[in-house]
Amino acid sequence: MKIEDVSKNPMMNPTVVLIVSLGYCYSLVTKIPKGGLRVISLLPIFYFFSILPWYFSSAILRGLSSFFVTWITSFKLLLFSFDRGPLLITNKRDSNFIDFIVIALFPFKIKGNLPDPNSSGPSMGSKSVPRVLFVVIFPILLYLYKKEENYPPNILLILHSVSFISGFYLVWKYGGNLVQATGRYELVPLFNQPYLATSL
């Protein structure tokens with residue numbers, strides 16, 4: 001059976017299967033002792049999360065599901081297998097399944113439960129780059145996109161890269177303010193000067 005055929009079945013809707021998978025992790029996997037046994041119990045979930053982006057026909061939805069589910073959620077569940085990472089917070093009495101879903105899928109944490117290395121708010125580690133620079137660069141890049149057929153491929157690659165980073169910075173910065181306005185969650189920094197990293 002092809003993925004396209006499976007995705008037409010309402011019971012195989014990727015969003016429904018994602019919620020059911022996280023329900024399995026929240027209700028059953030949390031009761032399994034940490035370590036190898038918990039990792040084995042999560043293998044079907046890791047497999048599903050790795051193929052989930054292909055259930056979407058849109059490139060944007062594929063990219064978003066790859067980022068949030070295949071990458072972020074899978075690694076959080078892997079850490080959780082060894083009683084580490086932000087999903088440990090969701091075992092506490094004051095949390096619920098909604099908290100588990102939100103923290104598993106997004107780079108959020110429950111306010112006040114984990115030490116925040118950046119007390120000034122959400123950051124991408126670009127303290128040396130003024131925010132105004134991104135706010136100015138992004139509209140210019142959008143204007144340049146209208147004439148992209150006039151540029152050589154190498155310039156286009158640079159243009160796409162800078163626009164992606166600038167757009168992501170703006171969404172991260174101002175989206176983080178909206179998340180903090182909920183009063184329950186706050187963003188954790190995804191990047192902390194990655195160009196200074198000495199290991200993978």
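Trainee: What makes Tyr-26 count as partly exposed?

Mentor: This is a predicted model. Tyr-26 has a relative accessible area of 25%; buried means under 20% and exposed over 50%, so Tyr-26 falls in between and is partly exposed.

Trainee: Why is Phe-97 placed in the partly exposed class?

Mentor: The relative accessibility of Phe-97 is 26%, which again lies between the cut-offs of 20% and 50%.

Trainee: Why is the aromatic pair of Tyr-26 and Phe-97 called tilted?

Mentor: The centres of the two rings are 5.4 Å apart, and pairing requires them to lie within 6.5 Å. The planes make an angle of 45 degrees; under 30 would be stacked and over 60 edge-to-face, so the pair is tilted.

Trainee: Which parts does this pair tie together?

Mentor: Tyr-26 belongs to helix H2 and Phe-97 to helix H5, so the pair links parts that are 71 residues apart in sequence.

Trainee: What makes helix H5 mostly covered?

Mentor: Of the nine residues of H5 (residues 97–105), seven are buried, among them Phe-100, Ile-101 and Val-102. The covering elements include helix H2, H4, strand E1 and strand E2.

Trainee: How do you know that H3 and H4 are roughly antiparallel?

Mentor: The axes of helix H3 (residues 36–51) and helix H4 (residues 59–80) cross at roughly 180 degrees. Angles over 145 count as roughly antiparallel, and the two helices are therefore described in that way. Their contact includes Leu-42 and Phe-46 of H3 and Leu-77 and Leu-78 of H4, and its residues divide into nine nonpolar, four polar and one charged.

Key
Residues numbered from 1 in each chain as written. Predicted model: local features only at pLDDT ≥ 70, side-chain atom pairs only at ≥ 80, totals over all residues. Heavy atoms only, no water. Axes fitted to C-alpha atoms, helices over the stretch in contact; angles between N-to-C directions. Helix = DSSP H or I, 4+ residues; strand = E, 2+ residues; numbered from the N terminus. Parallel < 35°, antiparallel > 145°, perpendicular 65-115°, else oblique. Contact = heavy atoms within 4.5 Å. Nonpolar A, V, L, I, M, F, W, Y, C, P; charged D, E, K, R; others polar. Buried < 20%, exposed > 50% of the residue type's maximum accessible area, 1.4 Å probe, protein only. Phe/Tyr/Trp six-rings, centres within 6.5 Å; stacked < 30°, edge-to-face > 60°.
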